[in-house]
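Welcome, and let's look at this chain together.

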Amino acid sequence: MKKIILKKLLFRNYLKTSLISILFIGSLLICAYFWTNKNIIDSSKEFLLKDANENTTKLINKEISTLRIKLHEVTSLLKILKAEHEFYFENIDKINYIEKEKIDINYNKNGAYYKQQDNGGSSVVFLSKEKLTHKMKEKIFKTENFDRSFKTIIEENPSIMAVYFNSYDNMNRYYPFIKDVYKVFSSDINLKDYNFYNQATLKENPMKSIVWTKPYFDPVKKEWIISCIVPIYNNNFLEGVTGIDVSLDSFTKNFFDFDLPYETLSMIIDKSGTILAMSKGFDNILNIKESKIKDKNRQINTTILRPTEFNITNHKIFKKLFTKNFYLKNSDKKIVIKNKEYIGFVNEIRINDWKVISLLPVQNLLSSVENLEKKHLKIGYFLISFIIVFYLLFLIFLYYKSKQFVESINISLRDMVRFTQKLVTNKPVDKVPFSGIYEIDKLAKNFNNLSLELTQRTQKLIQTEALKIANEKLANTDALTGIYNRRFLDDFAREFNCKPTTLSVVLFDIDDFKQINDNFGHDIGDKVIKKLINIIDTSVRQSDCIIRLGGDEFLLLLKDTKQKDAYIVVEKILNKIEENNKKEDNIIFNVSFGVCEYSSNHKSVNELIVEADKIMYKNKKSTK
């Protein structure tokens with residue numbers, strides 16, 4: 001058969017009918033279309049991002065202005081109360097009582113004087129275990145003058161929950177009235193220890209200005225609140241602290257009820273990074289949930305602040321994206337959280353150093369553009385299909401020419417693939433036939449020689465390995481019982497000493513075995529040994545090893561087993577021996593045992609076995 005060189009065959013069938021120029025023109029047209037389409041889509045996305053950035057910022061700033069007005073309103077009211085209360089304490093001797101006869105002060109055994117009846121004003125509690133002095137009574141009666149202002153503030157501002165005054169000597173005046181107010185405070189409470197008092201002291205507030213507290217839980221209202229507090233001084237003496245409690249939910253309700261475009265998420269944080277409030281969905285980004293605190297006693301005994309997960313400085317996501325002052329590190333405002341892209345906004349409220357952080361999902365913004373992009377892609381795919389059909393007729397001629405060529409090569413290659421699969425499964429392999437192509441025939445010849453050589457070597461290797469395994473098993477096995485012998489123990493000890501793990505050993509010795517041999521014969525003795533091995537084998541795991549050390553002495557290796565668990569295995573074996581001894585026609589036998597667990601005190605497995613041996617013989621002596 002005439003040999004044909006593959007290189008000449010490829011040259012004659014393909015280079016003469018070159019498709020390079022036609023394929024190049026078609027590819028160029030397709031690339032031009034997709035490149036133009038991409039530029040249009042990118043420009044549209046850029047415009048949308050810029051427009052969304054500007055409009056969303058305007059909308060957020062508008063809502064921030066409303067929130068700022070609310071904050072300013074609260075601080076303005078507190079300034080009025082500050083002036084009123086400081087004037088009161090400067091002129092306390094000139095202040096008259098208000099309806100003194102209608103104020104009934106009771107004492108609770110836990111150490112609290114309190115107003116019992118609601119006279120339309122505040123609840124009052126004086127936390128003192130000492131007797132109520134005349135000065136204390138005067139303070140209770142005269143501060144009734146505060147209630148007009150307290151009541152007016154509550155009635156005119158629905159977002160304000162409560163107005164109160166806490167004195168330096170542990171008096172609390174709180175509006176609206178709380179029935180049995182003494183139950184709200186623990187018996188040993190000191191109002192100065194709580195954030196609604198101590199944050200206004202001279203140490204924490206040297207400027208004596210208005211202060212906003214961190215969010216804390218109010219067990220009375222069962223809500224998260226913030227307090228706006230101010231110190232009340234009388235000639236540089238701190239008479240107490242006046243405060244206004246604001247519900248976070250009601251205070252920020254309008255801000256979060258406003259629907260920002262594209263499902264934008266927002267949260268308000270204070271200067272420390274603590275989240276004051278956030279829109280629904282932000283909790284999923286931070287993997288946090290609003291705390292639900294149950295307090296059946298409604299008692300104030302500690303300041304319950306937001307959990308640490310409500311501070312964004314504790315979240316790795318925001319540490320990477322924001323500066324220490326909570327501004328975006330990325331100048332183009334694009335951030336990625338949990339593989340989702342957002343546009344970030346940071347806006348200042350300017351009161352209390354609060355900030356609003358907003359995240360606009362880019363996917364929501366660009367969905368319309370992406371839909372347009374999909375339509376353009378469909379058009380592009382249609383053009384590609386049209387070009388393919390256009391060139392299909394031209395390719396038919398080349399298809400038939402190439403088919404003849406590929407078929408001439410494929411027959412031999414397919415046979416070699418099939419024969420190779422048989423070779424892997426160790427099945428008989430036929431010779432690969434020749435195709436008439438020089439290179440393919442040469443490859444087929446080499447393959448046939450390789451297949452023959454490999455088959456012969458494989459058979460020889462299988463025989464050698466089988467013989468080796470059989471010899472090793474015979475050398476490591478006890479002839480009578482079929483279990484491992486001392487040679488196996490030596491191999492195990494070498495490996496274990498190099499890499500120790502958890503191991504417990506149990507050493508067994510058949511009691512009075514010599515008498516069994518003398519009285520019943522060695523055949524019965526062998527049956528006893530086999531019976532013991534059968535009991536042990538059915539009581540342990542497949543991974544555990546039973547070794548005959550010699551005569552009537554056996555070793556059980558319990559891998560990954562603590563000493564207490566080893567005793568459980570021994571108890572199981574002893575129970576089965578006891579059951580065996582109860583059966584008729586069975587030779588009664590008992591065993592002694594020693595259990596020991598490998599520790600750092602053992603230098604080798606042999607030391608472990610020696611210790612178990614000592615324990616076994618100690619047990620044997622104790623039973624006799």
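What follows is a set of questions and answers about this model.

Q: What kind of model is this, and how are residues numbered?
A: This is a predicted model, in which local features need pLDDT of at least 70 and side-chain atom pairs count only at pLDDT 80 or more, while totals for chains, interfaces and linings use all residues. Residues are numbered from 1 along each chain as its sequence is written, and side-chain values use heavy atoms, with hydrogens and water left out.

Q: How many helices and strands does the chain have?
A: The chain has 16 helices and 18 strands. Helices (H or I, at least four residues) and strands (E, at least two) are DSSP runs, numbered from the N terminus.

Q: What share of the chain is buried?
A: Of the 624 residues in the chain, 42% are buried. Buried means under 20% relative accessible area, exposed means over 50%, and partly exposed is in between (1.4 Å probe, protein chains only).

Q: What share of contacts between residues at least 6 apart in sequence join residues at least 24 apart?
A: The share is 63%. A contact means heavy atoms within 4.5 Å.

Q: How do you know that the span of helix H16 agrees with its number of residues?
A: The expected span is 1.5 Å times one less than the number of residues. For the 19 residues of H16 (605–623) that gives 27 Å, and the end C-alpha atoms are 27 Å apart, which agrees.

Q: What makes the buried residues of H16 lie on the same side?
A: The buried residues are Val605, Leu608, Ile609, Ala612, Met616 and Lys620. They cover an arc of only 110° around the axis, which puts them on the same side of H16; the arc is that of the directions from the helix axis to the C-beta atoms. As a general rule, an α-helix has 3.6 residues a turn, so residues three or four places apart point the same way.

Q: Which residues sit on the face of H16 turned away from its buried side, and what covers the buried ones?
A: The face turned away carries the exposed residues Lys614, Lys618, Lys621 and Ser622. The cover over the buried residues includes helix H12 (486–498) and strands E15 (503–510), E17 (553–559) and E18 (591–597).

Q: Why is lysine 620 called buried?
A: Its relative accessibility is 10%, so lysine 620 counts as buried. Lysine 620 is in helix H16 and, leaving aside neighbours within four places in sequence, is in contact with Asp509, Ile510, Asp511 and Ser592.

Q: Why does glycine 594 count as buried, and what does it touch?
A: Glycine 594, in strand E18, has 0% relative accessibility and therefore counts as buried. Not counting residues up to four places away in sequence, glycine 594 touches Val505, Val506, Leu507, Ala612, Ile615, Met616 and Asn619. Glycine 594 and valine 505 are 89 residues apart in sequence, with their C-alpha atoms 8.1 Å apart in space.

Q: Why are helices H13 and H14 called oblique to each other?
A: The axes of H13 (residues 513–520) and H14 (residues 522–537) come within 7 Å and cross at roughly 140°. Axes are lines fitted to C-alpha atoms, for helices over the stretch in contact, and angles run from 0 to 180 degrees between N-to-C directions. Angles under 35 degrees count as roughly parallel, over 145 as roughly antiparallel, 65 to 115 as roughly perpendicular and the rest as oblique. H13 and H14 are therefore oblique.

Q: Which residues of H13 and H14 meet?
A: Phe513, Ile516, Asn517 and Phe520 in H13 meet His522, Ile524, Gly525, Val528 and Ile529 in H14. By class, this contact has 6 nonpolar, 3 polar and no charged residues. Here Ala, Val, Leu, Ile, Met, Phe, Trp, Tyr, Cys and Pro count as nonpolar, Asp, Glu, Lys and Arg as charged, and the others, Gly among them, as polar.

Q: Why is aspartate 180 called partly exposed?
A: At 25% relative accessibility, aspartate 180 counts as partly exposed. Aspartate 180 lies in the loop between E5 and H5, and its phi is near 50°, a positive value in a residue other than glycine.
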